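Here is a friendly note to read alongside the structure. Take the points one at a time, and find each residue in the viewer as you go.

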Amino acid sequence: MLMREINLQIQKPNDAGQYSRTNIKSETKRFSNNHCYFIRNKKDPVHAGLVNWWKKELAVRKNRNYRTYYGNHGETDEYEHTIYIQKLPVIVSKEGIRYYINGKAESLNTICNALARVTYKSCFDKEAPVLMKTLMSSLSLSENIKYCLENRAPYHFFSDFEKIECRLNIQQISAKECAVEVSDGTWGVIKNKELESYCSFYVQGHKKSRWKYISPANLFERTVGRNPSDSELTLMVEFLKQNRTSDLVEKRAIQLVNDLLLQHGSRLKAVYDKGELEKIYVRGKEYDWMLTNDKYKSQIQMVKTYVRQPSYSDKAFGNEMAKYREHLAEYEEQLARIEEDDSLTEERKTELTPQPPTQPKNTWLWKGPICIDNMTSDSPLGDQFAARALALLNDTFTIKIVSTIKRYLIQKPNDNNRVDFNEM
């Protein structure tokens, strides 16, 4: 059933089955779905899910089967809707092949990204001025350009049959232009629309872009405005090789880990092997945790997680001790019968003497590994260490939202059972 007012449920990026909620309504627009699910393989899974939800709601459906099944419901190829996201009114319209938001022509992708930002913000703040500020901020620069300004622009080329993936430094220099560092001390200029086209291939992976597979020489010519000399091209290639994506990302991730160790030195301790981070011990609010570098790495689980727990719960240990006492009584009774039997030689008594039962011990061990996946598949080792360490510092909350942890927890340790970092 299509609705004019919905309470949109936005899936949270965890396995706890929880949702953020917001109210969306319109007098003319009917919404077909009140659930939004995150898209795991995207850089921002929740935002990508919201963008996809808005695209399905705003794009004109050309599918004949859709209209046969649902009916047209008064929707045409052109429309104008006033949509309320909590208390914020937004006018979205389509005329011909162009889309408009509050009277300004934008691409459907830009509109959906802006509405996605506002929608998620509205889960926590209903007031129109706050949501309007979020909308204006989202429309001032596209998501792709913001990504490049924050994370540098991805770029790749081939050198001697080897694919080189690197990052280009981007700086905004005006409302419509950005500067891009293509070589050491050499900056070019690229218009925002051209940068958007560049990102459609190098960020989004779309093949319809005039910038796809651009060589370093052509990149230099398009941004600087002239062809590079042989020496400039050689310097540019070496400069790009020094800014490889993997090196930059891993270096930044390890720096994040080092900052955490300085900030939480009393609750985090790292162990290195030949300069490589091997383990981090975490003293949570209630439990002790160990994070280890997985030698057999998968992209979403490069770090294994363990929790320090006893071998048995108090109840289970009591049952084990009861069994031990029963076996001990049987052992002593059998031993007494053998000793009282005068018909047996000493050698025969020795052969018949049973092994005494082993007394169980409730020792504390590292239990795991616990299955905790990263949301994205391209997170470096340092980021995965840091993300888990930060989460487990507040383990009382993490246990509630990560369901795979609970089955490893037997009992809370008292002060005598906690790990002493000074002894490690």
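1. Let us begin with a term: a residue counts as buried under 20% relative accessible area, as exposed over 50%, and as partly exposed in between. Phe-317 has a relative accessible area of 22%, so Phe-317 is partly exposed. Please keep in mind that this is a predicted model.

2. Now for the partner of Phe-317. Tyr-312 and Phe-317 form an aromatic pair, with 6.2 Å from centre to centre and 35° between the planes. Planes under 30 degrees apart count as stacked and those over 60 as edge-to-face, so this pair is tilted. Tyr-312 has a relative accessible area of 27% and is therefore partly exposed as well.

3. How many aromatic pairs does a search of the whole structure find? The search finds 12. Another of them joins Tyr-155 and Phe-157: the ring centres are 5.8 Å apart and the planes meet at 25°, so this pair is stacked. Both Tyr-155 and Phe-157 are buried.

4. Tyr-155 and Phe-157 also belong to one aromatic cluster, together with Tyr-198, Phe-201, Tyr-202, Trp-211 and Tyr-213.

5. Next, the helices. Helix α3 covers residues 108-121 and helix α4 covers residues 128-140; they pack at an angle of about 150°, and their axes are 9 Å apart. Angles over 145 degrees count as roughly antiparallel, which is why α3 and α4 are described that way. The crossing of α3 past α4 is right-handed.

6. Which residues make the contact between α3 and α4? From α3 come Thr-110, Ala-114, Arg-117, Val-118 and Lys-121, while α4 brings in Val-130, Leu-131, Thr-134, Leu-135, Ser-138 and Leu-139. Sorted by class, this contact has six nonpolar, three polar and two charged residues.

7. To finish, look at where α7 and α8 touch. The contact involves Pro-216, Ala-217, Leu-219 and Phe-220 of α7, along with Glu-232, Leu-233, Met-236, Val-237 and Leu-240 of α8. By class, the residues of this contact divide into eight nonpolar, no polar and one charged.

Methods:
Residues numbered from 1 in each chain as written. Predicted model: local features only at pLDDT ≥ 70, side-chain atom pairs only at ≥ 80, totals over all residues. Heavy atoms only, no water. Axes fitted to C-alpha atoms, helices over the stretch in contact; angles between N-to-C directions. Helix = DSSP H or I, 4+ residues; strand = E, 2+ residues; numbered from the N terminus. Parallel < 35°, antiparallel > 145°, perpendicular 65-115°, else oblique. Left-handed = near helix turned anticlockwise from the far one by under 90°. Contact = heavy atoms within 4.5 Å. Nonpolar A, V, L, I, M, F, W, Y, C, P; charged D, E, K, R; others polar. Phe/Tyr/Trp six-rings, centres within 6.5 Å; stacked < 30°, edge-to-face > 60°. Buried < 20%, exposed > 50% of the residue type's maximum accessible area, 1.4 Å probe, protein only.
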